[in-house]
Amino acid sequence: MNTPIADTEVREQSARTCADAASEVNRVSRAAGLSGLSAELAAEGPVPMVALSAVDAETAVEIARLIRRGTKRAYKTVDALRTVFDSRGLNVPDLDLHQGQVQLGDVSVDTADAFARLLGAPPQAIEVGDEEWPEAQQTADRLRAAFKTATRGGFLDPTVHPDCLRCGAPIGLSLQAIDLRSARRLLAALRSGGLT
(Lines give C-alpha, C1' and ligand atoms only; values in the text may rest on other atoms or scores of the structure.)
Protein backbone atom coordinates (compact mmCIF):
# COMPACT_ATOMS: atom_id res chain seq x y z
CA MET A 1 0.00 0.00 0.00
CA ASN A 2 1.39 3.37 -1.00
CA THR A 3 1.22 6.18 1.48
CA PRO A 4 1.27 9.87 0.57
CA ILE A 5 4.76 10.12 2.09
CA ALA A 6 6.04 7.17 0.03
CA ASP A 7 4.47 8.64 -3.13
CA THR A 8 6.12 11.98 -2.41
CA GLU A 9 9.51 10.33 -1.91
CA VAL A 10 9.20 8.42 -5.18
CA ARG A 11 8.17 11.59 -7.01
CA GLU A 12 11.08 13.54 -5.51
CA GLN A 13 13.53 10.80 -6.50
CA SER A 14 12.09 10.77 -10.00
CA ALA A 15 12.39 14.56 -10.22
CA ARG A 16 16.06 14.34 -9.12
CA THR A 17 16.67 11.69 -11.79
CA CYS A 18 15.03 13.93 -14.41
CA ALA A 19 17.07 16.92 -13.25
CA ASP A 20 20.26 14.86 -13.56
CA ALA A 21 19.20 13.71 -17.04
CA ALA A 22 18.45 17.29 -18.12
CA SER A 23 21.85 18.39 -16.82
CA GLU A 24 23.54 15.58 -18.78
CA VAL A 25 21.71 16.52 -21.99
CA ASN A 26 22.81 20.15 -21.53
CA ARG A 27 26.42 19.13 -20.87
CA VAL A 28 26.63 16.78 -23.86
CA SER A 29 24.84 19.15 -26.24
CA ARG A 30 27.26 21.96 -25.35
CA ALA A 31 30.20 19.60 -25.87
CA ALA A 32 28.81 18.64 -29.28
CA GLY A 33 28.38 22.28 -30.30
CA LEU A 34 24.59 22.20 -30.12
CA SER A 35 24.11 25.42 -28.22
CA GLY A 36 20.52 25.72 -29.44
CA LEU A 37 19.46 22.57 -27.58
CA SER A 38 18.62 22.78 -23.92
CA ALA A 39 16.83 20.54 -21.45
CA GLU A 40 15.01 21.30 -18.22
CA LEU A 41 12.47 19.76 -15.91
CA ALA A 42 9.05 19.90 -17.53
CA ALA A 43 6.21 21.77 -15.88
CA GLU A 44 4.54 19.98 -13.02
CA GLY A 45 2.56 16.96 -14.04
CA PRO A 46 1.69 13.52 -12.74
CA VAL A 47 5.12 12.16 -13.71
CA PRO A 48 8.34 14.24 -13.75
CA MET A 49 9.75 14.58 -17.27
CA VAL A 50 12.53 16.35 -19.13
CA ALA A 51 11.51 18.98 -21.68
CA LEU A 52 13.75 19.69 -24.66
CA SER A 53 13.79 23.11 -26.28
CA ALA A 54 12.59 23.75 -29.80
CA VAL A 55 15.54 23.91 -32.18
CA ASP A 56 16.18 25.41 -35.60
CA ALA A 57 16.57 23.23 -38.69
CA GLU A 58 20.37 23.35 -38.61
CA THR A 59 20.48 22.09 -35.02
CA ALA A 60 17.90 19.38 -35.82
CA VAL A 61 20.02 18.15 -38.74
CA GLU A 62 23.09 18.07 -36.49
CA ILE A 63 21.17 16.12 -33.82
CA ALA A 64 20.08 13.61 -36.47
CA ARG A 65 23.68 13.31 -37.70
CA LEU A 66 24.97 12.66 -34.18
CA ILE A 67 22.28 10.08 -33.49
CA ARG A 68 23.02 8.41 -36.82
CA ARG A 69 26.73 8.32 -35.94
CA GLY A 70 25.84 6.78 -32.58
CA THR A 71 23.81 4.09 -34.32
CA LYS A 72 26.26 3.60 -37.18
CA ARG A 73 27.10 0.02 -36.21
CA ALA A 74 23.40 -0.88 -36.03
CA TYR A 75 22.75 0.64 -39.47
CA LYS A 76 25.75 -1.23 -40.87
CA THR A 77 24.25 -4.46 -39.55
CA VAL A 78 20.91 -3.71 -41.23
CA ASP A 79 22.61 -2.79 -44.51
CA ALA A 80 24.72 -5.95 -44.42
CA LEU A 81 21.65 -8.08 -43.68
CA ARG A 82 19.85 -6.47 -46.62
CA THR A 83 22.80 -7.29 -48.89
CA VAL A 84 22.91 -10.91 -47.71
CA PHE A 85 19.14 -11.34 -48.01
CA ASP A 86 19.21 -9.91 -51.54
CA SER A 87 22.15 -12.10 -52.56
CA ARG A 88 20.30 -15.18 -51.31
CA GLY A 89 17.08 -14.22 -53.10
CA LEU A 90 15.14 -13.48 -49.92
CA ASN A 91 12.54 -10.74 -50.32
CA VAL A 92 12.53 -8.92 -46.95
CA PRO A 93 11.20 -5.50 -47.99
CA ASP A 94 10.45 -4.11 -44.52
CA LEU A 95 13.96 -4.62 -43.11
CA ASP A 96 14.84 -1.53 -41.07
CA LEU A 97 16.18 -0.22 -37.78
CA HIS A 98 13.49 0.97 -35.36
CA GLN A 99 13.81 1.81 -31.67
CA GLY A 100 17.16 0.08 -31.45
CA GLN A 101 15.92 -3.18 -32.91
CA VAL A 102 16.11 -4.71 -36.37
CA GLN A 103 12.63 -4.93 -37.86
CA LEU A 104 12.32 -7.86 -40.24
CA GLY A 105 8.71 -7.13 -41.14
CA ASP A 106 6.35 -9.24 -43.21
CA VAL A 107 7.42 -11.91 -45.68
CA SER A 108 5.76 -14.52 -47.84
CA VAL A 109 5.59 -18.16 -46.75
CA ASP A 110 8.02 -19.05 -49.55
CA THR A 111 10.53 -16.47 -48.31
CA ALA A 112 10.17 -17.70 -44.72
CA ASP A 113 10.71 -21.29 -45.88
CA ALA A 114 13.85 -20.34 -47.83
CA PHE A 115 15.08 -18.35 -44.82
CA ALA A 116 14.57 -21.37 -42.54
CA ARG A 117 16.47 -23.62 -44.96
CA LEU A 118 19.35 -21.10 -45.16
CA LEU A 119 19.57 -21.29 -41.37
CA GLY A 120 19.86 -25.06 -41.48
CA ALA A 121 16.25 -26.22 -41.11
CA PRO A 122 15.47 -29.42 -42.99
CA PRO A 123 13.18 -29.09 -46.00
CA GLN A 124 9.50 -29.14 -45.15
CA ALA A 125 7.95 -32.56 -45.73
CA ILE A 126 4.91 -31.10 -47.46
CA GLU A 127 4.67 -28.62 -50.30
CA VAL A 128 4.92 -25.03 -49.12
CA GLY A 129 2.49 -22.65 -50.71
CA ASP A 130 0.92 -19.32 -50.04
CA GLU A 131 -2.58 -20.73 -49.57
CA GLU A 132 -2.50 -23.10 -46.61
CA TRP A 133 -2.39 -22.10 -42.96
CA PRO A 134 -0.98 -25.41 -41.56
CA GLU A 135 2.01 -25.27 -43.90
CA ALA A 136 2.58 -21.64 -43.01
CA GLN A 137 2.48 -22.47 -39.29
CA GLN A 138 4.95 -25.34 -39.80
CA THR A 139 7.22 -22.94 -41.69
CA ALA A 140 7.00 -20.44 -38.80
CA ASP A 141 7.90 -23.19 -36.32
CA ARG A 142 10.85 -24.37 -38.43
CA LEU A 143 12.12 -20.81 -38.85
CA ARG A 144 11.80 -20.12 -35.11
CA ALA A 145 13.85 -23.22 -34.24
CA ALA A 146 16.47 -22.66 -36.97
CA PHE A 147 16.88 -19.01 -35.97
CA LYS A 148 17.42 -19.95 -32.32
CA THR A 149 20.11 -22.48 -33.29
CA ALA A 150 21.85 -20.25 -35.85
CA THR A 151 21.97 -17.25 -33.51
CA ARG A 152 22.93 -19.28 -30.43
CA GLY A 153 19.78 -18.56 -28.49
CA GLY A 154 18.33 -15.58 -30.35
CA PHE A 155 14.58 -15.14 -30.30
CA LEU A 156 12.40 -14.80 -33.37
CA ASP A 157 8.64 -15.16 -33.06
CA PRO A 158 7.09 -15.35 -36.53
CA THR A 159 3.33 -14.87 -36.60
CA VAL A 160 1.19 -16.34 -39.37
CA HIS A 161 -1.29 -13.97 -40.95
CA PRO A 162 -4.05 -15.76 -42.86
CA ASP A 163 -5.00 -14.59 -46.31
CA CYS A 164 -7.17 -11.53 -46.27
CA LEU A 165 -10.55 -11.89 -47.92
CA ARG A 166 -11.05 -8.12 -47.80
CA CYS A 167 -7.82 -6.96 -49.47
CA GLY A 168 -6.84 -10.19 -51.26
CA ALA A 169 -3.35 -10.37 -49.70
CA PRO A 170 -2.02 -13.93 -49.51
CA ILE A 171 -1.12 -15.69 -46.29
CA GLY A 172 2.17 -14.45 -44.90
CA LEU A 173 4.39 -14.28 -41.85
CA SER A 174 5.28 -11.32 -39.70
CA LEU A 175 8.83 -11.77 -38.44
CA GLN A 176 8.63 -8.90 -35.94
CA ALA A 177 11.83 -7.39 -34.54
CA ILE A 178 15.07 -8.87 -33.24
CA ASP A 179 17.67 -7.34 -30.94
CA LEU A 180 20.98 -6.18 -32.37
CA ARG A 181 22.98 -9.03 -30.86
CA SER A 182 20.74 -11.57 -32.57
CA ALA A 183 20.92 -9.58 -35.81
CA ARG A 184 24.73 -9.67 -35.75
CA ARG A 185 24.73 -13.39 -34.99
CA LEU A 186 22.21 -13.93 -37.80
CA LEU A 187 24.48 -12.03 -40.18
CA ALA A 188 27.48 -14.12 -39.13
CA ALA A 189 25.49 -17.33 -39.60
CA LEU A 190 24.27 -16.31 -43.06
CA ARG A 191 27.80 -15.27 -44.10
CA SER A 192 29.50 -18.37 -42.68
CA GLY A 193 28.65 -20.55 -45.64
CA GLY A 194 28.29 -23.52 -43.29
CA LEU A 195 24.51 -23.33 -43.64
CA THR A 196 22.71 -24.98 -46.49
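A: The salt bridges are taken one after another below. The model is a predicted one, and its salt bridges number seven.

Helix α1, which spans residues 4-31, holds both E24 and R27, three residues apart, or about one turn of the helix. Their side chains form a salt bridge with an N to O distance of 2.7 Å. E24 is partly exposed because its relative accessible area, 38%, lies between the limits of 20% for buried and 50% for exposed. R27 is partly exposed as well, at 46%.

Helix α3 contains D79 and R82, again three residues apart and about one turn of the helix. In this salt bridge, the closest N and O atoms of D79 and R82 are 3.3 Å apart. D79 has a relative accessibility of 38% and counts as partly exposed; R82, with 30%, is also partly exposed.

A further salt bridge joins R144 to D157, with 3.2 Å between the closest N and O atoms. This pair links distant parts of the chain: R144 belongs to helix α5 (residues 133-150), while D157 lies 13 residues away in the loop between α5 and β6 (159-161). R144 is partly exposed, with a relative accessible area of 24%, and D157 is partly exposed at 34%.

Key:
Residues numbered from 1 in each chain as written. Predicted model: local features only at pLDDT ≥ 70, side-chain atom pairs only at ≥ 80, totals over all residues. Heavy atoms only, no water. Salt bridge = Lys/Arg side-chain N within 4 Å of Asp/Glu carboxyl O. Helix = DSSP H or I, 4+ residues; strand = E, 2+ residues; numbered from the N terminus. Buried < 20%, exposed > 50% of the residue type's maximum accessible area, 1.4 Å probe, protein only.
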